[in-house]
Amino acid sequence: MDISDIEGKLISGRVYPEFFTLPEGSSVVNLGCGRGPQVVVYGDQFSEMIGVDINADRVSRTIEVAEGLGIDGYRAIVGDVEDTGLEAEQADVVLAIDVIEHVRSPKNLVAECRRLLKPGGSLLITYPTMHDKYLDNPVANFGRRLMRRKVHHHSSDEWDPDEHGQAMGIGEWIELTETAGFALADSRATTLFPPFHVLGVPRFWFK
């Protein structure tokens, strides 16, 4: 099956299972599932995964990817990651990878993560830091952002889920998440610097 459209996300996402292994037979909610990179890299570790994404085309694609690769126990819905409408306390694990910088309210997102988790459950969440601040916004994506604004005519206060609309320091991100009732168990910093992607080495660099 051709999954070249998620190749970049797979390169960056393949580091997560070595750091964050899912409990055997776990039930997972994947917020901001996109086109399916998490279902691919975790495909043999869960009994059930529900993907949630606000974009219907991405939801269709993630289902197609899972079915095409023969991954069982996966379904996906179109929904707002800040208010999914899913049953509370249903997940052993919540994944929120590359999503918190896109939402209207990070506080609402982490509250929804907490609501979805069973007591004692685990959250894998990523925060944008140096790459997003110094490389992604002003340099790498300047043309893409400019073209999107030309096409969609966004007003200055219009929310675009594909834009990076949230920026905090790492301490602020952690404090926000802990305020929702989480305790930080462990952390890693990784790189999304494009030359490393080309080489296939988006490794974790330090704790």
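Which side chain does Arg-61 meet in a salt bridge? The partner is Glu-64, at 3.3 Å from N to O. This is a predicted model, in which local features need pLDDT of at least 70 and side-chain atom pairs count only at pLDDT 80 or more, while totals for chains, interfaces and linings use all residues. Residues are numbered from 1 along each chain as its sequence is written, and side-chain values use heavy atoms, with hydrogens and water left out.

**The sheet and its helices**

- Five strands form an open sheet in the order β3-β2-β1-β4-β5, with parallel pairing; two strands pair if DSSP finds at least two bridges between them.
- Strands (E, at least two residues) and helices (H or I, at least four) are DSSP runs, numbered from the N terminus.
- The edges belong to β3 and β5 (117–125), each of which pairs on one side only.
- Direction ignored, neighbouring strands of this sheet are turned by 20° against each other on average.
- Five bridges join β4 and β5 in the parallel sense, and Val-93 has Ser-122 in β5 as its bridge partner.
- Helix α4 packs on the sheet and touches β2 and β3, with its direction at about 175° to that of β3; contact means heavy atoms within 4.5 Å.
- Helix α5 (residues 106–116) also packs on the sheet, touching β1 (26–31), β4 and β5, and its direction makes about 140° with that of β5.
- For these angles, axes are lines fitted to C-alpha atoms, for helices over the stretch in contact, and values run from 0 to 180 degrees between N-to-C directions.

**Nonpolar cores**

- The largest nonpolar core has 24 residues, of which Tyr-42, Phe-46, Met-49 and Leu-95 touch the most other members.
- Such a core is a set of buried Ala, Val, Leu, Ile, Met, Phe, Trp, Tyr and Cys residues joined through side-chain atoms within 4.5 Å.
- At least two residues of this core come from each of α3 (37–41), β2 (46–53), α4 (56–68), β3 (74–78) and β4 (91–96), and α4 gives the most, with three residues.
- Leaving aside residues up to four places away in sequence, Phe-46 touches Leu-22, Ser-26, Val-28, Val-39, Ile-71, Asp-72 and Gly-73.
- Another core, of 22 residues, lies apart from the largest one and includes Ala-96, Leu-117, Leu-176 and Phe-182.

**Salt bridges**

- The structure holds ten salt bridges, each being a side-chain nitrogen of Lys or Arg within 4 Å of a carboxyl oxygen of Asp or Glu.
- Back to the opening pair: Arg-61 and Glu-64 are three residues apart in helix α4, so about one helical turn separates them.
- Arg-61 is buried, at 13% relative accessible area, whereas Glu-64 is partly exposed at 42%; buried means under 20%, exposed over 50% and partly exposed in between (1.4 Å probe, protein chains only).
- A network of salt bridges links Asp-5 with Arg-61 and Glu-64.
- Glu-82 and Arg-104 meet through their side chains at 3.7 Å, N to O.
- Because Glu-82 lies in the loop between β3 and β4 and Arg-104 in the loop between β4 and α5, this pair ties together parts that are 22 residues apart in sequence.
- Glu-82 counts as buried at 12% relative accessibility, while Arg-104 is partly exposed at 43%.
- Asp-92 and Lys-118 form a salt bridge at 3.3 Å, N to O, linking strand β4 to strand β5 across 26 residues.
- Asp-92 is partly exposed at 24% relative accessibility, and Lys-118 is partly exposed at 31%.
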